Amino acid sequence: MKYALLDRGDSLSRELAEQFHKLARERGLISNPGSPDLIVSIGGDGTLLQAFHSFSDRVQDVAFVGVHTGHLGFYADWKKTELEELVTLIATSEPQKVSYPLLRIQVVTDTETKSYLALNEFTLKRPGGTLVAQLNINDEPFEMFRGDGIVVSTPSGSTGYNKSVHGAIIHPSLEALQIAELASINNRVYRTLGSSAILPKHHHCDIVTDPSDDLALLIDHLTLRFQGVRSIICSVADDKIHFARYRPFPFWNRVRNAFIGSPKEITGQNFPKKKFTGLDDAGEEK
Ligand code: NAD
């Protein structure tokens with residue numbers, strides 16, 4: 001088993017990275033940043049997003065696992081105190097492979113088309129003022145958007161920026177993308193859907209912009225500036241990200257823990273214990 005490790009760069013993450021390498025050597029794992037099978041990120045969800053972008057050209061061939069140094073993350077689910085258990089499981093067991101959909105973003109300018117993958121979302125903004133863009137769905141004009149921006153998210157990204165702008169949460173076993181609005185202007189002159197829209201894998205949307213606009217394209221944690229953009233095509237990518245699960249980590253438990261709290265915090269007592277029922281096709285608890 002060859003692994004690559006990315007840490008957030010702060011002193012705690014670096015210290016944990018050293019511990020990981022030491023434990024890994026003892027258990028016969030090989031550090032091979034150039035050609036890994038497993039990518040380990042130590043930090044938070046942001047570190048896993050960075051790790052994903054570092055290996056996005058080989059995403060089909062690698063699996064990811066995340067360790068968090070603060071609070072439980074959506075992608076980083078191992079605690080810093082569980083490092084030894086994690087390394088032992090990597091060295092001795094075959095993980096469940098859980099695959100989540102990604103977003104393909106194609107930026108079309110007069111001279112070229114650039115393609116990107118996002119794990120969470122793509123956000124379009126116009127830093128100089130109101131974004132004005134035509135939204136087409138499956139090559140048919142859908143609406144003329146005016147407002148702060150448009151967020152197009154993956155199912156696993158639906159709990160990130162998308163949730164803050166009142167988009168729905170989508171289970172990552174559904175191959176879909178979600179379009180949500182950032183402060184759209186709606187009055188007697190300008191009209192948008194007003195709610196988020198979810199497209200299946202075989203649909204796509206184009207955001208058609210004015211090529212003279214200076215645009216900010218935010219892809220996960222990255223911000224790119226573009227001029228001369230004619231359109232941005234968003235679709236569910238053919239590739240998926242794979243996570244190596246060494247223990248179950250059901251999506252809805254993560255959502256509950258992150259946004260609602262534990263049963264004890266809500267009701268003062270634990271919910272009745274439920275027996276683990278196994279994993280579905282996406283490797284999530286049924
Ligand atoms: P950051 O340091 O500002 O972190 C933002 C927070 O988002 C962190 O707490 C992180 O754990 C959490 N997060 C990341 N991915 C998530 C996901 N899929 N589900 C739930 N929470 C998630 O920024 P960063 O670490 O560089 O992460 C970039 C991400 O931050 C973006 O992809 C976007 O989803 C999110 N973001 C959210 C808002 C907002 O909610 N208003 C604004 C900008 C960016």
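This is a predicted model: local features need pLDDT of at least 70, side-chain atom pairs count only at pLDDT 80 or more; totals for chains, interfaces and linings use all residues.
Residues are numbered from 1 along each chain as its sequence is written, and side-chain values use heavy atoms, with hydrogens and water left out.

View 1. Asn120 has a polar side-chain atom 2.9 Å from a ligand nitrogen atom, while Tyr161 has a backbone N or O atom 3.1 Å from a ligand oxygen atom. On its own the ligand has 770 Å² of accessible area, and the protein covers 60% of that (areas come from the Shrake-Rupley method with a 1.4 Å probe; for residues, only the protein chains shown count as cover).

**View 2. The shell around the ligand.** There are 15 residues around the ligand, and Asp45, Asn120, Glu121, Thr159 and Ser164 come nearest (near means that a heavy atom of the residue lies within 4 Å). Sort the shell by type and you get 4 nonpolar, 8 polar and 3 charged residues. In that sorting, Ala, Val, Leu, Ile, Met, Phe, Trp, Tyr, Cys and Pro are nonpolar, Asp, Glu, Lys and Arg are charged, and the others, Gly among them, are polar. Helix H2 (45-54) and helix H4 (161-164) each give two or more residues to the shell, and H2 gives the most, with 3. Helices (H or I, at least four residues) and strands (E, at least two) are DSSP runs, numbered from the N terminus.

View 3. Look for Asn120 in the loop between strand S7 (113-118) and S8. Asn120 counts as buried because its relative accessible area is 12% (buried is under 20%, exposed over 50%, partly exposed in between, with a 1.4 Å probe and protein chains only). Its side chain makes a polar contact of 2.7 Å with that of Tyr75 (a pair of N or O atoms within 3.5 Å; within protein, one must be able to donate a hydrogen and the other to accept it, and residues adjacent in sequence count only if both atoms are side-chain atoms). Leaving aside neighbours within four places in sequence, Asn120 is in contact with residues including Leu49, Ser153 and Asp220 (contact means heavy atoms within 4.5 Å).

**View 4. The largest nonpolar core.** This core holds 26 residues, and Phe122, Ile207 and Ile232 have the most contacts inside it. A nonpolar core is a set of buried Ala, Val, Leu, Ile, Met, Phe, Trp, Tyr and Cys residues joined through side-chain atoms within 4.5 Å. Among the strands that give two or more residues to the core are S6 (96-109), S10 (140-153) and S16 (229-245). A second, separate core of 23 residues includes Ala4, Leu117, Leu119 and Phe243.

**View 5. Two Asp residues with positive phi.** Neither is a glycine, yet Asp139 has a phi of about 70 degrees and Asp220 one of about 55 degrees. Asp139 sits in the loop between S9 and S10 and is exposed, at 54% relative accessible area. Asp220, in the loop between S14 and strand S15 (222-226), is buried at 9%.
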